[in-house]
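Please read the following briefing alongside the sequence and the structure, which are shown here.

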Amino acid sequence: MSQNTKKVIIVGAGSVGKFIAYNPNQFTEKYDFIGFLDDDLSKKGQTIAGIPVLGTLEVLPDYIKQNIAVVWGIAFPKIKASLVEKVKHLDAEFPTLISERAWISNQVKMGKGCIIYPGCSINYETVIDDFVVMNMNCAIGHNVTIHSYTSLAPGVNLGGYTKIGEKTEVGIGAATKQFIQIGKENSIGGQAMVVKNSTDMASIKGVPAK
């Protein structure tokens with residue numbers, strides 16, 4: 001990496017974190033991923049996906065104060081939201097990582113701290129808020145809104161004008177028809193076909209989803 005490449009610490013040495021670490025040169029912007037932080041003490045001192053586990057989240061403020069950016073390798077919305085809240089006052093930098101093999105239309109707005117995997121397609125006039133994870137091969141229609149901390153598993157398909165509330169988990173292969181509104185902190189099961197609006201904190205599954 002160039003000396004001018006931004007240094008980044010990855011929080012979470014699980015599946016999302018390992019995807020980032022294994023593919024440093026496959027994002028639209030290049031970063032120097034210097035290591036992981038993870039509260040699993042059994043991982044401390046190990047090398048995972050080619051980079052070291054440097055400690056627990058207790059030392060994260062020290063890295064932020066050194067002007068090292070933070071990527072959240074965590075898919076679980078509520079956990080990630082609580083961790084972000086703890087360091088919000090430190091004015092950290094949270095880069096968004098977009099795979100070079102994703103397609104993003106013109107007129108798409110995307111917040112900070114997002115992770116967009118290969119094969120994702122995001123159509124025009126869509127808004128992706130902060131800290132959204134979008135796993136492989138998701139197809140997002142036009143004029144969709146996905147609020148902060150939401151995680152989409154592989155193969156999710158969202159019809160145009162869908163709105164998804166914050167901290168929602170969408171399972172593998174789930175889909176919505178156009179104009180669906182999903183409340184915050186929902187859990188949507190794999191392969192669900194959502195054809196009706198939902199309230200906050202709902203659990204949704206089935207075809208059609210209930």
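Strands β18 (residues 169–170) and β21 (residues 187–188) run parallel and are joined by two bridges, and V170 has I188 as its bridge partner in β21. Strands are DSSP runs of E with at least two residues, numbered from the N terminus, and two of them pair if DSSP finds at least two bridges between them. This is a predicted model, in which local features need pLDDT of at least 70 and side-chain atom pairs count only at pLDDT 80 or more, while totals for chains, interfaces and linings use all residues. Residues are numbered from 1 along each chain as its sequence is written, and side-chain values use heavy atoms, with hydrogens and water left out.

**The sheet**

**Around D38**
- D38 lies in the loop between β2 (32–37) and β3 (47–48), and D38 is buried at a relative accessible area of 13% (buried means under 20%, with a 1.4 Å probe and protein chains only).
- Beyond its neighbours within four places in sequence, D38 is in contact (heavy atoms within 4.5 Å) with residues including G12, A13, K43 and L57.
- The D38 side chain reaches the backbone nitrogen of A13 at 2.8 Å.

**Around I20**
- Leaving aside neighbours within four places in sequence, I20 is in contact with I10, F27, F33, V71, G73, L97 and I115.

Key. Helix = DSSP H or I, 4+ residues; strand = E, 2+ residues; numbered from the N terminus. Buried < 20%, exposed > 50% of the residue type's maximum accessible area, 1.4 Å probe, protein only. Polar contact = N/O pair within 3.5 Å; in protein donor to acceptor, adjacent residues only side chain to side chain.
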